[in-house]
Amino acid sequence: MENSKEKLFKELCKAYFQEISLEDLRRYGRHLELQKPTTLKKEDLINEILLVICDEKKPSRNLRGAPIKNTSFLPEIPLQIEKFREEIFGISYNIENTTITKNKNKENFFNNLVVLNLSLSINELTKEQKQLTLKLLESLTK
């Protein structure tokens, strides 16, 4: 069952997505690897995006066919989502360094170099979450 923080997060994201153009949402949907985001109506696309960013559904993009020509999307979208996540849950993901390079065909693509800063309010974590966090940190330092 969904708790009040999750519900508030979804409501804020949904209201934010309503303000964004359909084309920009479709580009973000492609970035999230949604199945055929260009065929969905705005409301359906918003619901699919919410399911993915809330980890309720895994993206299921079919990799058959021609490659996507335009992979750009509004960088403000994931930043605003993370701002909502930080305000509501006290969790912050800070994407500092995503670089754009050129390949031999002179098409832009994203190099997956990302610096991730994660801050958690340890007092709000359950005992199990604290144990998993410690295991994660230990595995990263090895």
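Trainee: Which residues does Ile-81 touch, not counting residues up to four places away in sequence?
Mentor: This is a predicted model. In it, Ile-81 touches Phe-9, Cys-13, Phe-17, Tyr-28 and Ile-53.

Trainee: What makes a set of residues the largest nonpolar core here?
Mentor: A nonpolar core is a set of buried residues of the listed types, Ile, Phe, Tyr and Cys among them, joined through side-chain atoms within 4.5 Å. The largest such core has 21 residues, and Cys-13, Phe-17, Tyr-28, Ile-49, Ile-53 and Ile-81 have the most contacts inside it. At least two residues of this core come from each of α1 (4-19), α2 (22-31), α3 (42-53) and α4 (76-89). The largest share, six residues, is from α3.

Trainee: Why is Glu-11 called partly exposed?
Mentor: Buried means under 20% relative accessible area and exposed means over 50%. Glu-11 has 46% relative accessibility, in between, so Glu-11 counts as partly exposed. Glu-11 lies in helix α1.

Trainee: How is the packing of α2 and α3 described?
Mentor: Two packed helices are described by an angle and a distance, both taken between their axes. For α2 and α3 the angle is about 35 degrees and the axes are 10 Å apart. Their crossing is left-handed.

Trainee: Which residues of α2 and α3 meet, and of what class are they?
Mentor: From α2, Leu-22, Leu-25, Arg-26, Tyr-28 and Gly-29 meet Lys-42, Leu-45, Ile-46, Ile-49 and Ile-53 of α3. By class, this contact has seven nonpolar, one polar and two charged residues. Gly counts as polar, and Lys and Arg count as charged.

Terms used. Residues numbered from 1 in each chain as written. Predicted model: local features only at pLDDT ≥ 70, side-chain atom pairs only at ≥ 80, totals over all residues. Heavy atoms only, no water. Buried < 20%, exposed > 50% of the residue type's maximum accessible area, 1.4 Å probe, protein only. Helix = DSSP H or I, 4+ residues; strand = E, 2+ residues; numbered from the N terminus. Contact = heavy atoms within 4.5 Å. Axes fitted to C-alpha atoms, helices over the stretch in contact; angles between N-to-C directions. Left-handed = near helix turned anticlockwise from the far one by under 90°.
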